[in-house]
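This briefing concerns the structure shown below.

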Amino acid sequence: SVTAAERTQFLKQKGTTIWLTGLSASGKSTIACALEQHLLHIHKFVYRLDGDNVRFGLNKDLGFDEKSRNENIRRIGEVSKLFADSACIVVTAFISPYLVDRALARELHAKANIPFIEVFVDAPLHVVEERDPKGLYKKARAGEIKDFTGISAPYEAPENPEIHIRTDETDVTESVRVITDYLVTNNYI
């Protein structure tokens with residue numbers, strides 16, 4: 001069978017999960033898309049997991065209550081670990097609001113000796129409410145959406161992320177550069 005060392009040697013990269021977490025409209029998906037594109041253009045094996053390709057397939061049976069959110073993140077942690085085990089660089093973009101769920105995803109990776117890079121995509125609440133591309137904050141404030149993270153449900157900010165990006169101060173290009181530099185500095189690519 002193929003070993004992790006063989007994959008790393010031939011693909012010239014180490015399987016890694018880059019876990020982007022932050023409030024809705026903080027810039028996670030925008031950064032994830034740009035990062036995936038950048039890494040692909042420098043010939044890296046990369047795949048992005050986000051709500052669009054997970055919530056409508058693998059996790060279509062889940063709602064948005066706390067128990068469902070926990071299971072959503074557990075499954076994403078398992079899938080990202082499998083991808084990273086194949087030497088893929090996995091970029092995830094999920095609110096993942098609870099510290100315990102992100103810690104579980106990190107632990108799954110640690111047990112498999114797979115790097116897990118938590119990236120806190122941070123923007124103040126007033127900034128994400130101003131961005132609000134889907135009008136979700138407005139609906140949540142009006143009581144039309146219950147259990148909305150940041151308004152009527154908690155978001156537990158990372159305590160010690162590997163990377164902290166303030167998207168109210170840093171543009172997408174610079175965000176991608178910061179993450180890529182981290183990957184290079186730590187010999188993941």
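The points that follow are grouped by topic. The structure is a predicted model. Strand β1 (residues 16-21) is largely enclosed by the rest of the structure, because six of its six residues are buried.

- Strand β3 (residues 89-93) runs parallel to β1 and is joined to it by five bridges. Within this pairing, A93 of β3 stands opposite L20.
- Strand β4 (116-122) also pairs with β1 in the parallel sense, over five bridges. Here F120 in β4 is the bridge partner of T21.

**Strands β4 and β5**

- β4 pairs in the parallel sense with β5 as well, over four bridges. V119 has I163, in β5, as its bridge partner.
- The two faces of β5 (163-166) contrast with each other: I163 and I165 form a covered face, whereas H164 and R166 form an uncovered one.

- As a general matter, nonpolar side chains in soluble globular proteins tend to be buried together.

**Individual buried residues**

- L20 has contacts with V91, T92, A93 and F94, with V119 and V121, and with K28, I31 and A32, when residues up to four places away in sequence are not counted.
- I117 is located in strand β4. Its relative accessibility is 1%, below the 20% limit, and I117 therefore counts as buried.
- Beyond four places in sequence, I117 touches T16, T17, I18 and W19, together with E162, I163, Y182, L183 and Y188.
- I117 and I179 are separated by 62 residues in sequence, and their C-alpha atoms are 9.4 Å apart.
- T92 belongs to strand β3 and counts as buried, with a relative accessibility of 0%.
- The contacts of T92, again leaving out residues up to four places away in sequence, are T17, I18, W19, L20, L49, I76 and S80.

**Largest pocket**

- The lining of the largest pocket consists of 31 residues, and S24, F64, I95, K134 and L136 are those nearest the pocket centre.
- Helices α2 (28-41), α3 (51-54) and α4 (66-85) each contribute at least two residues to this lining.
- By class, the lining comprises 12 nonpolar, nine polar and 10 charged residues.

**Loop residues**

- N113 is a residue other than glycine with a positive phi, near 60 degrees. N113 lies in the loop between α5 (99-111) and β4.
- The relative accessible area of N113 is 61%, over the 50% limit, and N113 is therefore exposed.
- D147 also has a positive phi, of about 55 degrees, and is not a glycine. D147 is in the loop between α7 (136-141) and β5.
- With a relative accessibility of 35%, D147 counts as partly exposed.
- P161 is placed in the loop between α7 and β5. Its contacts beyond four places in sequence are E118 and F120.
- P161 and F64 are 97 residues apart in sequence and 25 Å apart in space, C-alpha to C-alpha.

Notes
Residues are numbered from 1 along each chain as its sequence is written. This is a predicted model: local features need pLDDT of at least 70, side-chain atom pairs count only at pLDDT 80 or more; totals for chains, interfaces and linings use all residues. Side-chain values use heavy atoms; hydrogens and water are left out. Buried means under 20% relative accessible area, exposed over 50%, partly exposed in between (1.4 Å probe, protein chains only). Two strands pair if DSSP finds at least two bridges between them. On a 1 Å grid over the protein atoms alone, a cavity is a set of points where a 1.4 Å probe fits but cannot get out, and a pocket is an open set with protein on both sides within 12 Å along at least five of seven lines; lining residues have an atom within 4 Å of a point. Ala, Val, Leu, Ile, Met, Phe, Trp, Tyr, Cys and Pro count as nonpolar, Asp, Glu, Lys and Arg as charged, and the others, Gly among them, as polar. Contact means heavy atoms within 4.5 Å.
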